[in-house]
Amino acid sequence: MKISIDIECTPEEARTFLGLPDVRGMQEALATAAQERMRDGLKDMDSESLLRLWFPAGLEGLGELQKQFWTAMAKASGGGSGGER
C-alpha cells in the first residue's frame with residue numbers, strides 16, 4: 001500500500017509547524033560578517049602581494065613548480081624522469 005500526502009506551505013509555515021527556531025537574523029548577521037571579513041582581506045591584496053604569496057621564491061619557484069608538474073605527469077603516464085625537456 002502506498003500513501004501520498006501533498007502539503008503546500010511556505011518555509012515559514014513549515015518551520016513554525018515543526019517548532020523549529022527562526023534563524024534568519026543569525027544567518028544575515030553571519031553573512032554580513034563574512035562579507036566584511038572578505039572585503040577587508042581583499043583590500044590589502046594587490047596583484048604583486050598575491051604573486052608573492054603564491055610564488056614565494058619568485059620565478060625560481062615557478063620553475064620548480066613546472067618541474068614538479070612534469071615529474072608528476074611523467075609518473076602518471078608511466079614515463080621516465082619527466083623533467084628533462
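A salt bridge is a side-chain nitrogen of Lys or Arg within 4 Å of a carboxyl oxygen of Asp or Glu. This is a predicted model, in which local features need pLDDT of at least 70 and side-chain atom pairs count only at pLDDT 80 or more, while totals for chains, interfaces and linings use all residues. Residues are numbered from 1 along each chain as its sequence is written, and side-chain values use heavy atoms, with hydrogens and water left out.

Q: Why is the contact between Asp 22 and Arg 24 called a salt bridge?
A: The side chains of Asp 22 and Arg 24 meet at 3.0 Å, N to O, and because the rule asks for a nitrogen within 4 Å of a carboxyl oxygen, the pair qualifies as a salt bridge.

Q: What makes Arg 15 and Asp 22 a salt bridge?
A: Their closest N and O atoms are 3.9 Å apart, and the limit is 4 Å, so the label applies.

Q: How are Glu 12 and Arg 15 placed relative to each other in helix H1?
A: Helices are DSSP runs of H or I with at least four residues, numbered from the N terminus. Glu 12 and Arg 15 are 3 residues apart in helix H1, which means that about one helical turn separates them, and their salt bridge has its closest N and O atoms 3.0 Å apart. Glu 12, Arg 15, Asp 22 and Arg 24 are linked in a network of salt bridges.

Q: Why does Asp 22 count as partly exposed?
A: Buried means under 20% relative accessible area, exposed over 50%, and partly exposed in between (1.4 Å probe, protein chains only). Asp 22 has 44% relative accessibility, so the intermediate label applies, as it does to Arg 24 at 42%.

Q: What makes the aromatic pair of Phe 69 and Trp 70 edge-to-face?
A: Rings of Phe, Tyr and Trp (its six-membered ring) pair if their centres lie within 6.5 Å, with planes under 30 degrees apart counted as stacked, over 60 as edge-to-face and the rest as tilted. The centres of Phe 69 and Trp 70 are 5.6 Å apart and their planes make 70 degrees, giving an edge-to-face pair.

Q: Where is confidence lowest, and where is it highest?
A: By pLDDT, the predictor's confidence in each residue from 0 to 100, helix H3 is lowest at a mean of 74 and helix H1 highest at 91.

Note on methods: Helix = DSSP H or I, 4+ residues; strand = E, 2+ residues; numbered from the N terminus.
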